[in-house]
Amino acid sequence: MTLPNCDEMIDLIPAFVLGALDPDEAARVATHIAACPRCRAEAESFRDTMGLLPYAAGAIDPPPHVKRQLFARIAAASENSVTQPVQQPQRRTARAPLPWRWFAPALALVLALIIGLGAVTFEARGRADQLAADLAANRQMLRSMEAQIAEARQTAQTVQAQLVASQRALNETRVQLAASQQELQKIQASIGKDEQLVAFIAAPQTVSQLLGTTDRAPEEASARMFMQPGHNRLALLIYGLKSAEPGKVYRLWLAKGSQAIAIGTVTVGPDGVAEFVVDAPEPMDAYDQVMITLDEIDTIAQPSEEVIFEANL
């Protein structure tokens, strides 16, 4: 439905929505909108449009120069409105179209808001694009750093495993070296004894004596003693003798009169050979007899009856 003064009201609706009409005109427009569906729809559409303007750019603080330009335009529009010649209010006898004295400032205000908000939006979007580009670059850098850290951790784990393996190999080598050193010491000690035995046997003053065997000695067994008159040392070489039974040992005795003295135990190797060098308590000239017996391990006071070799000195 269209009322007779709808064209006039259509022109007034923007100023009515913006609150730019004087009280009498605002009341007249409100009365008309209440009765006219077309003008009411126009007013609601314009009000909805105005209501969306504040959200066009979001909650962004505009730059200072945009604020200054916006306020300058608003001030200029207000001054133009104020400087219009003031006419004495006349009571219109007939409803004629209203002048644009109120619409121009309102339109200028709207345009200023749109331009200002557009500029703010443009700058905000530019800044958002820049921030998005920076964020993408930072994410790419972060992924690159994470990859480098993962690679470094993998390398560290590999080095750690190699270090553990090297440490284990070093420990095994140290154990083998210690065992080799002990074996070397044994060999050196054996060589030393052999050298002493050879030197003692080869000495011109050394004399030798073959020891007699008993019925307890193996048939192929033999023993020879080397000694030097006036010296305590004696050397003994035994061949063809079996190893002592478990719990027994071969023991060397020197007798002076009825007194027998245990000199030491004789160890026979798997090949039936025994080399024995010892220093007696007294020079060998002081003893009358030598014998080798098979004794119990813990019996050293007297020689047993199992005499294997014997000889008078």
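Start with Asp295: this residue is buried, with a relative accessible area of 1%. Buried here means under 20% relative accessible area, exposed means over 50%, and partly exposed is in between, with a 1.4 Å probe and protein chains only. One caution on the source: this is a predicted model, so local features need pLDDT of at least 70, side-chain atom pairs count only at pLDDT 80 or more, and totals for chains, interfaces and linings use all residues. Residues are numbered from 1 along each chain as its sequence is written, and side-chain values use heavy atoms, with hydrogens and water left out.

Where does Asp295 lie? In strand β7. Strands are DSSP runs of E with at least two residues, helices are runs of H or I with at least four, and both are numbered from the N terminus.

Now its partners. The side chain of Asp295 forms a salt bridge with that of Arg251, at 3.1 Å from N to O. Arg251 sits in strand β4 (residues 248-256) and Asp295 in β7 (residues 289-296), so this pair ties together parts that are 44 residues apart in sequence. Both Arg251 and Asp295 are buried. By salt bridge I mean a side-chain nitrogen of Lys or Arg within 4 Å of a carboxyl oxygen of Asp or Glu.

Asp295 also has a polar contact with Trp253, side chain to side chain, at 3.2 Å. A polar contact is a pair of N or O atoms within 3.5 Å; within protein, one must be able to donate a hydrogen and the other to accept it, and residues adjacent in sequence count only if both atoms are side-chain atoms. Leaving out residues up to four places away in sequence, Asp295 touches Gly247, Lys248, Val249, Arg251, Trp253, Pro303 and Ser304. Contact means heavy atoms within 4.5 Å.

How many salt bridges does the structure hold? There are 6. One of them pairs Lys256 with Glu282, at 2.8 Å from N to O. Lys256 is in β4 and Glu282 in the loop between β6 (274-279) and β7, so the pair ties together parts 26 residues apart in sequence. Lys256 is partly exposed, at 31% relative accessibility. Glu282 is partly exposed too, at 29%. Salt bridges that share partners also join Glu245, Lys248 and Glu306 into one network. Glu245 is partly exposed, with a relative accessible area of 44%.

Over to the helices. Helix α1 (residues 6-18) and helix α2 (residues 23-35) have axes that come within 10 Å and cross at roughly 115°. Axes are lines fitted to C-alpha atoms, for helices over the stretch in contact, with angles from 0 to 180 degrees between N-to-C directions. Residues of α1 including Leu12, Ile13 and Phe16 meet a set in α2 that includes Val29, Ala30 and Ile33.

Next, Cys39 in helix α3 (residues 37-52). Is Cys39 buried or exposed? Buried, at 0% relative accessibility. Residues up to four places away in sequence aside, Cys39 touches Cys6, Met9, Ile10, Ile13, His32 and Ile33.

Last, the whole chain. There are 5 helices and 8 strands. From the N terminus on, the order is α-α-α-α-α-β-β-β-β-β-β-β-β. Of the 313 residues, 27% count as buried. Among contacts between residues at least 6 apart in sequence, 63% join residues at least 24 apart.
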